[in-house]
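Me: I am new to this structure and would like to learn how to read it. Could you take me through some of its features, one at a time?

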Amino acid sequence: MKRVIFALPLFLFLALVVLFMVGLEHDPRLIPSPFIGKPAPPLSLPRLIKDDQMLSRDDLIGEVMLVNFWATWCPTCKGEHAVLMEIADTNEVAIYGIDYKDDQIAATAWLERLGNPYRAVGFDKEGNAAIDWGVYGTPETFVLDKDGIIRYKHVGAISWQDWKETLEPLVKQLQEE
Amino acid sequence: MAGLERDPGALGQTITGRMKQITGILFIFLVFFLNAFVYAEDQRFPFKDPEQAEQFRKLTKELRCLVCQNQSLADSDAPLAHDLRKKVFLMMKEGKTSDEIIQELVARYGEFVLYRPRLSKQTWLLWFAPVIVFIIGVFVITYLVRRRSGTSDIGERELETAHKLLEEEE
């Protein structure tokens with residue numbers, strides 16, 4: 001009995017170490033989206049480039065797609081943009097963009113200069129659409145299935161590895177559904 | 001400092017004195033200036049009565065800023081917090097109750113947006129851990145105290161006689 005009690009602090013310490021190691025792996029910035037499995041929230045935005053047209057939720061129904069929230073003032077988005085270009089080049093999935101609290105001229109210029117991976121971009125000047133979608137920072141990317149249901153959310157920049165390991169298999173699976 | 005004492009140097013002293021005065025005045029200005037900022041934010045939201053202002057204050061204290069996660073919406077200066085405060089105000093203006101507003105934000109951001117997590121399967125441990133730890137503590141202390149008093153060599157019978165003696169005395 002005494003031996004057990006002597007060893008107890010050591011066990012407690014080891015338990016804490018394990019707990020903290022798990023904690024280190026866990027990124028507190030990744031907040032699970034309550035939208036997974038639910039229809040995409042309403043959307044009604046002017047388009048960034050052809051701003052006499054609208055981008056609405058109806059445009060997001062009918063095929064598997066990525067909906068990417070981005071902005072020109074967001075440095076992480078610039079890194080992600082190159083990956084989005086590569087994903088667009090594979091022609092495997094449609095990418096829609098929502099330009100978050102941005103300058104219309106700067107955003108248009110950015111797409112002209114760096115290339116446009118998006119089929120269409122909604123211009124969310126006030127950030128209201130982002131709030132409706134539960135976005136709390138750019139970049140964030142939603143995966144929508146054919147019925148416009150949100151199936152996955154990626155917070156932060158998509159790397160090529162993320163695409164290959166997580167998003168591409170998911171997109172393929174959803175396309176077969 | 002010793003050098004100053006030996007040769008006060010009227011000029012040097014007035015300069016430090018002035019400096020202190022200037023910093024003091026600057027500080028006072030800063031206090032008023034920052035206050036003005038807080039006030040300005042309040043002015044952006046024209047509440048119709050003090051109750052509404054109070055409701056807004058309470059709500060934004062209960063809601064978490066998602067960018068700077070250890071601050072409430074009321075405390076945070078992040079752009080998203082500004083936008084969400086505006087959103088909360090607009091919803092209040094539409095006549096929504098505090099519960100409805102909280103519900104709408106939870107629907108978008110999940111329960112994470114609540115500073116006070118609701119009691120659920122995932123959060124019961126969080127809520128009851130203090131009680132559980134307290135109970136464990138009580139057990140441990142009782143065990144230790146018992147073991148310590150157990151080392152005294154008074155038997156049960158002796159204890160009984162002692163009690164009786166005490167009672168007789170009373």
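**Reading the helices, the chains and some residues**

Reply: Gladly! The crossing of H3(B) and H4(B) is right-handed; a crossing is called right-handed if the near helix is turned clockwise from the far one by less than a right angle, and left-handed if anticlockwise. Before we go on, this is a predicted model, where local features need pLDDT of at least 70, side-chain atom pairs count only at pLDDT 80 or more, and totals for chains, interfaces and linings use all residues. Residues are numbered from 1 along each chain as its sequence is written, while chains are lettered from A and ligands numbered from 1 in the order in which they are written.

Me: At what angle do H3 and H4 of chain B pack?

Reply: Two packed helices are described by the angle between their axes and the distance between the axes. Here helix H3 (residues 50–62) and helix H4 (residues 79–93) of chain B meet at about 140°, and their axes are 11 Å apart. The axes are lines fitted to C-alpha atoms over the stretch in contact, with angles from 0 to 180 degrees between N-to-C directions. H3(B) and H4(B) are therefore oblique to each other; under 35 degrees would be roughly parallel, over 145 roughly antiparallel, 65 to 115 roughly perpendicular, and the rest is oblique.

Me: Which residues make the contact between H3(B) and H4(B)?

Reply: Two residues are in contact if their C-beta atoms, placed from the backbone, lie within 7 Å. H3(B) contributes B:Gln52, B:Gln55, B:Phe56, B:Leu59 and B:Thr60, and H4(B) contributes B:Arg85, B:Val88, B:Phe89 and B:Met92. By class, five of these contact residues are nonpolar, three polar and one charged. Nonpolar covers Ala, Val, Leu, Ile, Met, Phe, Trp, Tyr, Cys and Pro, charged covers Asp, Glu, Lys and Arg, and the others, Gly among them, are polar.

Me: How many residues of chain A are in contact with chain B?

Reply: In chain A, 11 residues are in contact with 12 residues of chain B. The side of chain A that touches chain B has six nonpolar, four polar and one charged residues.

Me: How many helices and strands does chain A have?

Reply: Chain A has five helices and seven strands. Helices (H or I, at least four residues) and strands (E, at least two) are DSSP runs, numbered from the N terminus. In that direction the elements run α-β-β-β-α-β-α-β-α-β-β-α. The C-alpha atoms of chain A fill a box of roughly 80 × 35 × 30 Å along the principal axes.

Me: Is A:Leu55 buried or exposed?

Reply: A residue is buried if 20 or more other C-beta atoms lie within 10 Å of its own, exposed if 12 or fewer, and partly exposed in between. A:Leu55, found in strand S2 (residues 54–56) of chain A, is buried, because 24 other C-beta atoms lie within 10 Å. Not counting residues up to four places away in sequence, A:Leu55 touches A:Leu43, A:Leu45, A:Arg47, A:Ala120 and A:Gly122.

Me: Where does A:Asn91 lie, and what is its phi?

Reply: A:Asn91 lies in the loop between helix H2 (75–90) and strand S4 (94–100) of chain A. Its phi is near 60°, a positive value in a residue other than glycine. A:Asn91 counts as exposed because it has 7 C-beta neighbours inside 10 Å.

Me: Which residues does a cis peptide bond join?

Reply: A cis peptide bond joins A:Thr138 and A:Pro139, with omega about -10°. A:Pro139 sits in the loop between helix H4 (128–132) and strand S6 (140–144) of chain A.
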